[in-house]
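Dear colleague,

I am handing over the structure below, and after it you will find my notes on what came out of the analysis. Please read them alongside the coordinates.

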Amino acid sequence: VRRSARAGLAVCVLAAGAGAFLAAADALGSGAGRSANAGATAAVVAIERDGLRYQYNTLTGRECLYDRDSPPEERRDLAADRPLDLRRLRRLLEAELGVPDLGVLHEPHRETADALRGLGYL
Amino acid sequence: VNAGTRRLARIAGVGAALAVCVVFAWRAAAGGRPARNVLVVVMDTARADRCSFLGYGRPTTPRLEDLARESVVFEDAWSPGPWTLPSHAALFTGQEPWEIGMAGRDLVPLPSGVPSLPDLLRAAGRATLCVTANAWISPSTGLTRGFDRVVPTYRGAIPGTASENHEVAYRWMAGEHAAGRPFFAFVNDVEPHTPYDPPRDFARSFLAPGLAPGVVQEARLVHLRRSLVLGLGAAPLPDDLRRAIGDLYDAEIAALDDEIGRLVERMRAGGFLDETLVVIVGDHGEGLGDHGWIEHGVRLDRELLRVPLLVRFPRARDAGRRVREVVRLADVLGTILEEAGADAPRGTGATTLLRGLGERIALGRERAFDEAVENAARATSEAAAAPMRRVRRSAYDGRFHLLDEEDAPLRLFDVVADPGETRDVAAEHPDAVTRLHALLPH
């Protein structure tokens, strides 16, 4: 867990791996799949401000907005109800992480996410 | 001082020699040389009670029945969670998923500081391969860490097949064997997982005559159309659809069984089966309408946690043994490390499948991850999805299964008398409730 804080701003990276996703042609000669031997792990990145928690899941590419102080069992996604807050916190998180768009964090996991959708997840 | 030092050195020397002798004697008693190779095949989403080698009435696993005669069968093996990520976490680390933060509402990958099975076997000199049809076993989740080579056989939303998986695994294993390199191969097969779409011959063998084609088609596509609704029990599951789902699921198990049998026979013909520890294991089960809902991921009922587990030890040691006591997926790691002569990291791998039998409590804990809850709420209603927000915990001692759901009364099932968990007996056995409740994970 990495935490950094500014006045009124906290970023939590719940889990993140290092290294680039490497995909290579199947070296086994079976023609039955690709071979990958390293890659970044996914993460839930979040920012909290003004009583709200914005979080972005780099595996699924989905963003959620919560009332930070609501108990976990009552936590509801407010993204559809508060689009301005959603966009504001997303931009803050992008700035904090130094990325132009959070979508770049999802890119290494896009294939995984597509495959999980095929199994009925996400 | 010199005499004292010499005496201490002598004692230390004798002690060390004794320790080595004990290790060797224990190894010898345990069956001799360490296993040169290890193969783990996960039957993803396979329920123990739908496998004929564990007593199911339909012939779903004839190949595994044959393999069971030269293996040790664990008849009451339990997973700590109802889906792939936590169950593989236990399998790979020898720890319960909540001990390493992988049973919560956030999707947390395998923590980098936690040693896992491929790490440990690679450190013990094995070449390592992961072949996976399930994307939860991917670099994104950290579960492929430690493998020299990872071969995903899924393509986009199309899951890989056991046939593809086993072809890749066999060719690699045969190559390593020919090169004189000991290996660890891990394979995840998803046939029993949705979509329920078995090969035609198997479907024909298992589908009940008289099922309307439309119903069978609905069952095949249920994961696309209605699984979130039916999976929450938010709509009634018609009897004919339930039957079709169950029949197709059985056919999927049978198709996978056939592929596993072929793989084992190829290893035998290739001359390296006897020097390989073979573990065939399920990661979690599946709801098939038993309690009014389908699929998996949220609840902790018995059909979701009891999994098939069969271990063929090198040279078919202990062939035909049936273990009736409770064992856990977390016990598999210690067993593999011990058989492979690999070191277990401190604090993990302390238990094995064959030690401490009769003393084990299988625990479970789950809370659906946020995205699944939000998806379910969108597809159904907030009220229908609300139960997914609750923490669920369970404890099982071989007879009683205690289910604890946040904001709901404790329920206790006597699975010996009531394997389908249809009758809550908490009021009749308060001592069992108290005893198991004290053991629930926090």
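**Helix 1 of chain A**

After helix 1 of chain A comes A:G98, with a positive phi near 70 degrees.

Helices (H or I, at least four residues) and strands (E, at least two) are DSSP runs, numbered from the N terminus.

**Basis and confidence**

This is a predicted model, in which local features need pLDDT of at least 70 and side-chain atom pairs count only at pLDDT 80 or more, while totals for chains, interfaces and linings use all residues. Residues are numbered from 1 along each chain as its sequence is written, chains are lettered from A and ligands numbered from 1 in the order in which they are written, and side-chain values use heavy atoms, with hydrogens and water left out.

For the complex, the predictor gives an ipTM of 0.78 and a pTM of 0.86. The pLDDT (the predictor's confidence in each residue, from 0 to 100) has a mean of 90 in chain B, where 90% of the residues reach 70 or more, and a mean of 71 in chain A, where 66% of the residues do. Within chain A, confidence is highest in helix 1, at 96, and lowest in strand 3 (residues 22–24), at a mean of 23. Over residues 1–35 of chain A pLDDT stays under 50, although the model has 97 contacts (heavy atoms within 4.5 Å) beyond four places in sequence for them. In chain B, pLDDT stays under 50 over residues 16–30, for which the model has 7 contacts beyond four places in sequence. Where pLDDT is low, the predicted coordinates should not be read in detail.

**Chain A as a whole**

Chain A holds 3 helices and 7 strands, which run β-β-β-β-β-β-β-α-α-α from the N terminus on. Of its 122 residues, 46% count as buried, and residues 24 or more positions apart account for 43% of the contacts in chain A with a separation of 6 or more. In the loop between strand 5 (44–49) and strand 6 (52–57) of chain A sits A:D50, a residue other than glycine with a positive phi, near 55 degrees, and at 58% relative accessibility A:D50 counts as exposed.

**A sheet in chain B**

Chain B has an open sheet of 4 strands in the order 12-13-14-15, with antiparallel pairing, where two strands pair if DSSP finds at least two bridges between them. Strand 12 and strand 15 (411–414) of chain B stand at the edges, each with a single partner strand, so one side of each is left without a neighbour in the sheet. Neighbouring strands of this sheet are turned by 15 degrees against each other on average, direction ignored. Helix 15 (residues 430–437) of chain B packs on the sheet and touches strand 13, strand 14 (400–405) and strand 15, its direction making about 65 degrees with that of strand 14 of chain B; axes are lines fitted to C-alpha atoms, for helices over the stretch in contact, and angles run from 0 to 180 degrees between N-to-C directions.

Strand 12 (residues 362–366) of chain B is mostly covered, with 5 of its 5 residues buried: B:A362, B:G364 and B:E366 are on one side, and B:L363 and B:R365 on the other. Strand 12 pairs with strand 13 (residues 392–396) of chain B in the antiparallel sense over 5 bridges, and B:A362 stands opposite B:Y396 in strand 13.

**Single residues in chain B**

A cis peptide bond, with omega about 0 degrees, joins B:T194 and B:P195, and B:P195 is found in the loop between strand 5 (183–189) and helix 6 (200–206) of chain B. B:E295, in strand 8 (residues 294–295) of chain B, has a positive phi near 65 degrees and is buried, with a relative accessible area of 10%.

Best regards

Conventions:
Buried < 20%, exposed > 50% of the residue type's maximum accessible area, 1.4 Å probe, protein only.
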